[in-house]
Amino acid sequence: MFFRVLKKDQIPTFIEGLAVDYEVIAPIAKGLAYVFAPVTCGARVVLDYPTTIVPPTAYFLKPKEALLRYNSADGEVVETVKDDRKRILFGVHPCDLNAILMTDKVFLGDYEDPYYKARRESTLIVGVSCTPRQSCVCHMFGANEVLQGYDLYLTDIGDAYFVQCSSVEGAQLLDTLVETREATAEDTRALQKHVARFRQTLGEAPDTTQIPLLFDARYDEELWEEIGSRCLSCGACSAVCPTCYCFDIVDELDANGVTGSRVRCWDSCLNSQFAEVAGGHDFRPTRASRVRHRFYHKFWAYPARYGKTMCVGCGRCYTACKVGINPSRVVAALQGDVGEGEA
Amino acid sequence: MHATKPRVAIFSLSSDFGCQVQLSNFPEILDTLSTFDLVYWQLVTSAELPDTYDVAVIEGAVTTDEQVVLLKTIRETASCVVALGACAATGGVPALVRERGLLEEHAQTVYGPDADKVAKDRREPAPLSAYIEVDFVIPGCPIEPLEFSRVLQRALRRLVDNPQRQSLCGECKISENTCFWLMGTPCLGLVARSGCEAMCVSSGRPCAACRGLARDANLDAARDYAAAMGCDAVAFGELLAIYNAAQEYAREHAAESAAGTTGKREAVDV
């Protein structure tokens with residue numbers, strides 16, 4: 001690892017330089033919010049964005065992608081060419097960097113997903129520090145710190161970024177495309193100041209050590225009924241979640257009724273089809289059981305397997321949820337810190 | 001593929017024929033047409049309705065006694081019935097007259113003193129499902145042509161139809177739209193049947209639930225949210241009525257329909 005300092009006014013040049021050989025995906029404004037989108041114009045990029053609607057993991061596990069093409073008349077199957085285009089995810093927040101590491105465990109672990117892997121391996125990641133919003137609880141789940149998972153990491157130190165370089169490719173791009181300077185002791189102090197301010201904004205992290213145990217013990221709580229009665233079953237929470245990765249696979253026939261595509265698309269456990277099996281039996285027939293399932297996957301099942309809760313506290317679900325279902329409040333309710341109606 | 005193609009008949013009840021016009025609006029229609037024998041389509045040919053056909057595609061709401069009789073005949077003839085568009089699927093805009101209780105008044109306005117002669121067998125507009133069992137639904141106002149093609153291919157093969165059940169907000173998030181509610185405009189994505197990728201919201205208009213209510217919709221919670229955002233139950237109900245005024249009615253009649261004509265269920269020979 002080595003360090004550089006990059007003036008903020010160099011960012012557009014950097015992005016446009018990168019865009020020559022890479023597809024650059026960066027945060028830009030859309031409506032009243034921000035989204036990750038392909039950019040070629042550096043001036044459009046907003047690096048001090050609060051958060052994006054859909055997380056950057058969408059560039060590894062696409063909302064919808066054709067896995068193969070088939071011909072039902074002759075049985076021919078052609079696999080879709082894997083997407084291994086050179087790509088850069090630019091401006092990824094600490095929470096989302098941690099989320100990518102979590103989905104990596106799922107898609108690059110025991111069962112390697114070739115589609116995810118192709119994109120992941122051909123993508124460089126440039127992280128960026130952030131200013132926590134009211135809804136951010138990354139510190140609750142240890143997702144405020146980033147130790148790996150990026151090629152470059154930019155920390156805002158006023159009129160410049162303190163750049164941590166952790167890959168040769170990232171460092172070479174930085175040195176080739178823009179002017180930087182060596183980090184001085186003063187820059188390091190500025191970095192420390194940023195980190196201190198960041199921690200101060202987030203405040204003290206609530207105790208989360210007993211979360212899986214707590215979930216184990218309180219499976220039959222009334223709380224789930226209460227939350228379930230409010231759930232709109234829209235799946236907005238899972239659509240914006242950087243760690244939700246469940247998908248469905250459907251065959252879509254073309255208009256000619258002969259050829260078609262096998263398509264993978266994001267699915268949601270809040271959807272009543274999700275746990276329904278052939279013959280019509282539904283393992284989770286009520287809204288309450290579906291909401292509970294989502295929480296148990298994040299706070300009980302994933303930790304049991306991977307040793308970490310599958311939530312990075314980015315606050316997207318809470319912001320997207322029309323009825324205010326909020327993971328940190330649910331955890332607090334289970335811990336007995338707030339009334340059930342407030343979860 | 002068997003030698004004989006399934007025979008498809010397209011029927012029109014009460015609507016503006018917009019969904020049928022949509023059918024001619026996409027290049028892939030020629031591909032779709034090659035997959036079946038189109039034996040009857042009043043909108044484009046003067047061919048007589050044959051005695052037999054396999055799949056019936058029906059556009060429009062049911063608004064007369066005569067249509068009810070026709071519907072029952074269709075159900076007894078076709079092994080598969082497909083509702084085409086909002087009017088057939090939910091009662092659509094025609095059913096709005098029910099919610100307002102204005103059928104008689106409108107009949108007098110439109111037909112004058114002769115209303116009882118000209119439109120004597122009028123009924124409160126209702127979706128097909130109020131009278132017969134419907135196997136497949138192609139929702140929307142108007143329908144999305146490629147969805148017609150996808151659903152019809154399933155219908156021709158009698159594959160299981162398993163449309164999405166969640167309400168629209170999730171899909172709308174994937175389309176990365178700013179929520180209309182947050183800009184002070186009520187939007188029915190909260191309860192609307194998804195599957196359209198929130199195309200209206202993406203184009204700058206709030207959702208009117210033209211695809212009907214999502215099977216998983218939580219109306220009570222949605223009403224509470226709307227009320228908290230300044231759109232009370234009456235205002236919310238009025239919005240919902242534009243395309244879904246007949247929903248309650250459809251539910252009431254579901255039992256009656258199941259007890260009566262259920263139609264044939266054999267697979268089409270494809």
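Reader: How many salt bridges are counted between chain A and chain B?

Author: Side chains of opposite charge can pair when their charged atoms come close. A salt bridge here is a side-chain nitrogen of Lys or Arg within 4 Å of a carboxyl oxygen of Asp or Glu. Between chain A and chain B the count is 1. B:Arg165 pairs with A:Glu276, and their closest N and O atoms are 2.9 Å apart.

Reader: What should I know about the model itself?

Author: It is a predicted model, in which local features need pLDDT of at least 70 and side-chain atom pairs count only at pLDDT 80 or more, while totals for chains, interfaces and linings use all residues. Residues are numbered from 1 along each chain as its sequence is written, chains are lettered from A and ligands numbered from 1 in the order in which they are written, and side-chain values use heavy atoms, with hydrogens and water left out.

Reader: How many residue pairs are in polar contact across the interface of chain A and chain B?

Author: A polar contact is a pair of N or O atoms within 3.5 Å; within protein, one must be able to donate a hydrogen and the other to accept it, and residues adjacent in sequence count only if both atoms are side-chain atoms. The rule finds 21 such residue pairs across this interface, both residues at pLDDT 80 or more. Helices (H or I, at least four residues) and strands (E, at least two) are DSSP runs, numbered from the N terminus.

Reader: How many disulfides are found over all chains?

Author: A disulfide is a pair of cysteine sulfur atoms within 2.5 Å. The search of the whole structure finds 0. The sulfur of A:Cys231 has its closest cysteine sulfur in A:Cys237, at 6.5 Å, which is too far for a bond. B:Cys141 is also in no disulfide, with the nearest cysteine sulfur, that of B:Cys210, 5.9 Å away.

Reader: Is A:Cys231 buried or exposed?

Author: Buried means under 20% relative accessible area, exposed over 50%, and partly exposed in between (1.4 Å probe, protein chains only). A:Cys231, at 8%, counts as buried. B:Cys141, at 38%, is partly exposed.

Reader: Where does A:Thr103 lie, and what does it contact?

Author: A:Thr103 is in helix H2 (residues 94-107) of chain A and is buried, at 4% relative accessible area. A polar atom of its side chain is 3.1 Å from the backbone oxygen of A:Ile100. The side chain of A:Thr103 also makes a polar contact of 3.0 Å with the side chain of A:Tyr116. Leaving aside neighbours within four places in sequence, A:Thr103 is in contact with A:Thr57, A:Tyr116, A:Pro242, A:Thr243 and A:Tyr245.

Reader: How many salt bridges are found over all chains?

Author: The whole structure has 31. One pair is A:Asp96 and A:Arg316, at 2.7 Å, N to O. A:Asp96 is in helix H2 and A:Arg316 in helix H10 (residues 316-320) of chain A, 220 residues apart. Both A:Asp96 and A:Arg316 are buried. Another pair is A:Asp110 and A:Arg305, with the closest N and O atoms 2.6 Å apart. A:Asp110 is in the loop between H2 and helix H3 (114-121) and A:Arg305 in helix H9 of chain A, so this pair ties together parts 195 residues apart in sequence. Both A:Asp110 and A:Arg305 are exposed.

Reader: Which residues are linked in a network of salt bridges?

Author: The network links A:Glu23, A:Glu65, A:Asp83, A:Arg85, A:Arg87, A:Asp113, A:Arg119 and A:Arg264.

How values were computed: Contact = heavy atoms within 4.5 Å.
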